[in-house]
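The sequence and structure come first.

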Amino acid sequence: MKFINTFLFLLNIFLFNIASSSAGSTSTTYNVVDLGAKADGKTDSRAAFLSAWSSACASNAAATVLVPSGSYLLTRVVFSGQCKNSVTFQIDGTLVAPTDYGTENWITFDGVSGVTILGGTLDGQGAALWTCKNAGKTCPIGATIDVQSLEFTNSREVLISGLTSLNSQMFHIDIHDCENVNIQGVHVTASGDSPNTDGIHVAGSAGVNITRAIIKTGDDCVSIGPGATNLWIENIGCGPGHGISIGSLGKDPNEQGVQNVTVRTVVFSGTQNGVRIKTWAKPNQGFVRGVLFEDVIINNAQNPVIIDQEYCPDNNCSSQPSGVKISNVTYRNITGSSATAKAVDFDCSHTNPCTGIVLDIVDLTYGSKPATASCTSAAGSATGVVLPPSCLAS
C-alpha cells in the first residue's frame with residue numbers, strides 16, 4: 001500500500017509539473033522581503049506573505065515563495081487555492097506566531113493542490129499558554145479549543161519536507177479532508193508537559209504518508225482521527241509524548257471510521273503510551289479495521305499496547321458501551337519494556353467485541369518481573385513468542 005500511495009503521489013506531482021512547463025518555461029520566485037516582510041521577528045509580515053502567495057498562485061508557471069533567513073512575525077493567515085500551477089514555499093528562516101492566535105489556526109492552506117513546503121521553522125510561542133493552562137487559570141480562548149500551527153484542509157498532492165515545528169499552542173500539524181499528502185523529515189518539539197500539543201493529526205484524509213519524523217511533545221506524537229484511510233507511518237522517533245493513537249473516536253455518532261493504517265519501524269522512549277486505539281463509551285456506527293503495528297520498539301512506556309473503549313479523560317462520562325467496531329488489528333514484532341506491570345491491555349466493548357486481534361511476536365518486559373496482559377471482550381490469535389502471554393479469546 002505504501003509503494004502504491006507513493007507512486008501515485010509522485011506521478012501526480014510529475015504530471016502537475018509537466019502541465020506547468022507547458023504553461024510557462026521558467027519557475028518564478030517571489031521573495032517576501034522584496035514585498036515588504038521584515039526579518040526582525042517583531043513586524044507583522046502577513047501582508048507580504050499574502051502578496052507573494054497571490055502572485056505565485058496566479059502564475060502560469062510553477063512558482064516559489066521564498067522566505068530568506070531571519071525571523072518573521074506572522075499573524076494568522078489563510079492561503080487559499082485553487083492555483084493555476086504548483087507552488088513551493090522555500091522557507092530558509094523562522095516564522096514566529098503571535099503569543100495568542102485566538103480561536104482559529106495560525107497558518108492554513110485551504111483548497112490547494114500541488115503545494116510543497118521545504119525546510120523552515122514554525123515557532124508557535126505556546127509556552128506561556130501551556131503554563132496558564134497547567135495552572136488552571138482563566139486563559140486566552142486558544143487554550144480551550146483545537147488550534148493548529150499548520151493546517152492543510154480540502155487539499156491534495158501536498159509535500160511537507162524538512163520542516164521544524166516548535167512550541168505550538170496546541171496541535172502542530174493538522175491534515176484534514178485531504179488526499180495524497182507526504183510528510184517527511186519533520187521535527188516536532190514541545191515540552192513533555194505541554195497540554196494537547198499533538199505532533200501530527202490526520203482526519204478525514206486518504207493517502208497520507210508520514211516518514212522519518214522526530215516528534216517530542218506533550219500529547220500524541222501522531223493522532224489518527226475519524227475518516228482517515230490508507231495511512232502509512234514509518235521511521236518515527238516518539239518521546240516524550242502519549243504515543244501513536246487511533247482516536248479518540250465515537251464522540252460524534254455520525255463520524256466516519258478508520259481503516260487501512262500501517263505503523264512500522266517506530267521507537268518510543270519514555271512515552272505515556274506506545275500504540276493505542278481509544279474510543280468513547282457512547283453509541284456509534286464507526287469502526288477501526290485493517291491496522292498493522294509492526295517492528296515497534298517501546299522503551300519504558302506506561303501503557304505499551306492498549307485498546308481503550310472506555311476513553312473518558314475527564315472521568316465525567318455516562319456508562320454506555322462503545323459502538324465503535326474494532327477488527328483485524330495486528331501487532332507484529334513489538335518489543336521493549338513497560339513502566340507498569342500491565343504491558344498489554346485490550347479493554348473492548350461488550351456489545352461490539354474486538355475481533356481478529358493478532359499478536360505475532362510480542363516481547364515486553366517489566367523490570368525483573370513478568371509483565372501481564374488483560375483482555376475484556378477481545379478475540380484473536382497469537383503466533384510465535386508472545387510475552388506477556390496472550391489473554392485473547394480464540
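The text below takes the chain as a whole and then turns to its cysteines.

## The chain as a whole

The model is predicted. Its protein chain has three helices and 30 strands. The radius of gyration is 22 Å, close to the 21 Å that the globule rule gives for 394 residues, so the chain is as compact as a globular protein of that length. The C-alpha trace spans about 65 × 50 × 40 Å along its principal axes.

Of the 394 residues, 53% count as buried. When contacts between residues at least 6 apart in sequence are considered, 76% join residues at least 24 apart. The accessible surface of the chain is about 15500 Å², and carbon and sulfur atoms account for 51% of that surface.

## Disulfides

The structure holds five disulfides.

| Pair | Sulfur-sulfur distance | Torsion about S-S |
|---|---|---|
| Cys57 and Cys83 | 2.0 Å | -105 degrees |
| Cys348 and Cys354 | 2.0 Å | -100 degrees |
| Cys375 and Cys391 | 2.0 Å | about 75 degrees |

The link of Cys57 and Cys83 is left-handed. This pair joins distant parts of the chain, 26 residues apart: Cys57 sits in helix H2 (residues 46-58), and Cys83 in the loop between strand E5 (77-80) and strand E6 (87-91). Both Cys57 and Cys83 are buried.

The link of Cys348 and Cys354 is also left-handed. Cys348 has a relative accessible area of 6% and is therefore buried. Cys354 is buried too, because its relative accessibility is 0%.

The torsion of Cys375 and Cys391 is about 75 degrees, so this disulfide is right-handed. The pair links distant parts of the chain, 16 residues apart, with Cys375 in strand E29 (residues 372-376) and Cys391 in the segment after strand E30 (378-387).

## Cys178

A disulfide would need the two sulfur atoms within 2.5 Å. Cys178 counts as buried, because its relative accessibility is 2%.

How values were computed. Residues numbered from 1 in each chain as written. Predicted model: local features only at pLDDT ≥ 70, side-chain atom pairs only at ≥ 80, totals over all residues. Heavy atoms only, no water. Helix = DSSP H or I, 4+ residues; strand = E, 2+ residues; numbered from the N terminus. Rg over C-alpha atoms; globule rule 2.2 N^0.38 Å. Buried < 20%, exposed > 50% of the residue type's maximum accessible area, 1.4 Å probe, protein only. Contact = heavy atoms within 4.5 Å. Areas by Shrake-Rupley, 256 points an atom, 1.4 Å probe, with all protein chains shown as cover.
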